[in-house]
Amino acid sequence: MTTQSTARTFPDGFLFGGAVAANQLEGAYLEDGKLPSIQDVLPKGGLQPPTDEPTPDNLKLEGIDFYHRFESDLALMAEMGFSVFRISIAWSRIFPRGDEETPNEAGLAYYDRLIDAIVANGMTPLVTISHYETPLHLAKTYDGWRDRRLIGFYERYARTLFERFGDRVKHWLTFNEINAITMAPLMAGGIWTPREELSTSQLYQAIHHELVASASVTKMAHELDPEFKIGCMILSMPVYPLSPDPADVWEAKRIEHENYAFGDIHCRGEYPGYLLRMFREEGVELDITDSDREILKNTVDFVSFSYYMSVAATADPAKQIRGEGNVLGGVPNPTLEKTEWGWALDPMGLRIVLNDYYERWGKPLFIVENGLGAKDELVEVDGVKTVVDDYRIDYLRNHLLAVREAIEDGVDLWGYTWWGPIDVVSAGTAQLSKRYGFVYIDRNDDGSGSLERYKKKSFDYYRRVIASNGAALDEELS
Ligand code: BGP
């Protein structure tokens with residue numbers, strides 16, 4: 001039985017906004033001293049193999065020119081009433097190769113202007129230090145996070161950001177969807193060696209380096225400014241047993257452990273027993289120093305996560321069908337509808353994750369990604385070009401109602417940032433036609449289009465939800 005909340009608004013000070021990542025919207029991929037990141041060799045998205053070098057023939061679809069248009073784009077976000085805006089900083093704008101001693105001033109100056117504009121528009125900046133955009137040189141020369149030296153490069157990069165932007169940015173995320181490295185080692189870990197050639201030991205050694213780097217910059221941040229709040233960022237995906245058979249229940253838990261491990265280490269400061277057992281059984285031997293163990297004890301201030309879907313799990317080998325879009329395992333849940341990209345629609349799953357994470361870690365939470373990727377059609381209504389995206393409004397409403405319930409359940413939640421409030425290039429498939437935005441971008445997957453911006457119907461809906469602090473969610477949708 002579910003209970004309905006009586007609260008009609010969100011808590012005072014709750015942050016509503018949107019989230020983007022540099023490589024998915026900035027464009028200008030070689031401007032002002034920037035060098036390629038791993039994204040620039042993933043023309044088909046992060047789940048496909050890379051090309052060797054970016055060339056004019058295999059260029060990835062370049063963002064939406066946010067690099068040059070951020071002021072007018074941020075004005076649109078402000079019009080919706082955003083009180084928080086999540087960006088990422090492209091590492092390869094600041095340290096173009098990744099291993100330099102001195103940062104690129106032009107890159108820093110760009111983010112100075114961007115952060116100033118975010119603040120001037122009344123939004124709290126929330127900054128991801130590394131969002132799937134490791135400098136290409138680090139990937140090809142060091143094999144990314146497999147090399148322990150990445151910890152030092154990342155520390156230097158993070159310190160540069162903290163010292164330069166720390167007067168305006170107090171909320172930081174260390175690595176986007178850090179657990180995605182298990183399925184997408186190049187996109188999430190800058191690892192050039194193909195996934196199928198990586199041993200479990202090699203993979204977990206790279207993960208270990210990222211976890212130490214995350215804890216180390218958490219320590220650094222706290223020493224530099226006690227006001228800094230540092231969060232980890234996890235791809236959440238609740239796993240339900242396909243049946244009440246305890247074997248299925250355990251299989252669901254086993255898969256969840258693969259993701260929980262990242263939060264457990266970030267929040268508890270040590271490796272959990274179930275992971276150590278897996279290491280023993282699979283003969284995984286890691287280079288973990290005493291100093292690493294000390295550093296890991298620097299736990300995060302909050303847990304942030306993305307939420308798009310749940311999956312199901314079964315122990316029955318005959319039923320192991322992998323769902324499209326199920327990047328982290330699990331089988332499709334027959335009780336749920338799916339998006340055009342095969343992602344299960346499950347607002348209740350968000351309430352479940354919020355309760356689960358809060359009970360497990362007891363840290364404040366932040367939903368830093370949630371959204372619907374869909375094909376949109378630009379039409380004319382009363383002489384104005386728009387998209388009548390009732391499906392996106394439904395998605396937003398149902399998920400925010402679930403969030404409101406979770407807050408009533410007692411979850412301490414700081415905010416909610418919708419993924420891609422303006423259409424951006426998909427991380428998984430590199431399509432622009434997988435649109436999340438409240439603002440439509442006239443750009444097609446082949447790069448054609450005017451880059452004009454148009455407000456969708458959902459733009460005004462989110463604006464009303466924010467203006468009413470959630471009360472508008474109770475209105476009947478016409
Ligand atoms: C998350 C990433 C984002 C974003 C989102 C939607 O995994 O953190 O960068 O893109 O998913 O995924 P996609 O773009 O593949 O639809």
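Reader: What makes strand 7 largely enclosed by the rest of the structure?

Author: Six of the six residues of strand 7, residues 302-307, are buried, so the strand is largely enclosed by the rest of the structure. Buried means under 20% relative accessible area, exposed over 50%, and partly exposed in between, with a 1.4 Å probe and protein chains only. Strands (E, at least two residues) and helices (H or I, at least four) are DSSP runs numbered from the N terminus. This is a predicted model, in which local features need pLDDT of at least 70 and side-chain atom pairs count only at pLDDT 80 or more, while totals for chains, interfaces and linings use all residues. Residues are numbered from 1 along each chain as its sequence is written, and side-chain values use heavy atoms, with hydrogens and water left out.

Reader: How do you know that both faces of strand 7 are covered?

Author: In a regular strand the side chains alternate between the two faces of the sheet. On one side of strand 7 are Phe-302, Ser-304 and Ser-306, on the other Val-303, Phe-305 and Tyr-307, and all are buried.

Reader: Which strands are joined to strand 7 by bridges?

Author: Two strands pair if DSSP finds at least two bridges between them. Six bridges join strand 7 to strand 5 (residues 229-236), and the two run parallel. Here Leu-235 stands opposite Ser-306. Strand 9 (residues 365-369) is joined to strand 7 by four bridges, also in parallel, with Leu-365 as the bridge partner of Val-303.

Reader: Why is Thr-218 called buried?

Author: Thr-218 has a relative accessible area of 1%, which is under the 20% limit, so the residue counts as buried. Its place is in helix 8, residues 200-224.

Reader: What is Thr-218 in contact with, leaving aside its neighbours within four places in sequence?

Author: Contact means heavy atoms within 4.5 Å. By that rule Thr-218 is in contact with Thr-174, Ile-230, Asn-298, Thr-299 and Val-300.

Reader: What makes the chain as compact as a globular protein of its length?

Author: The chain has 14 helices and 14 strands. Its radius of gyration is 21 Å, close to the 23 Å that the globule rule gives for 478 residues, so the chain is as compact as a globular protein of that length. The radius is taken over C-alpha atoms, and the rule is 2.2 Å times the number of residues to the power 0.38. Of the 478 residues, 60% count as buried.
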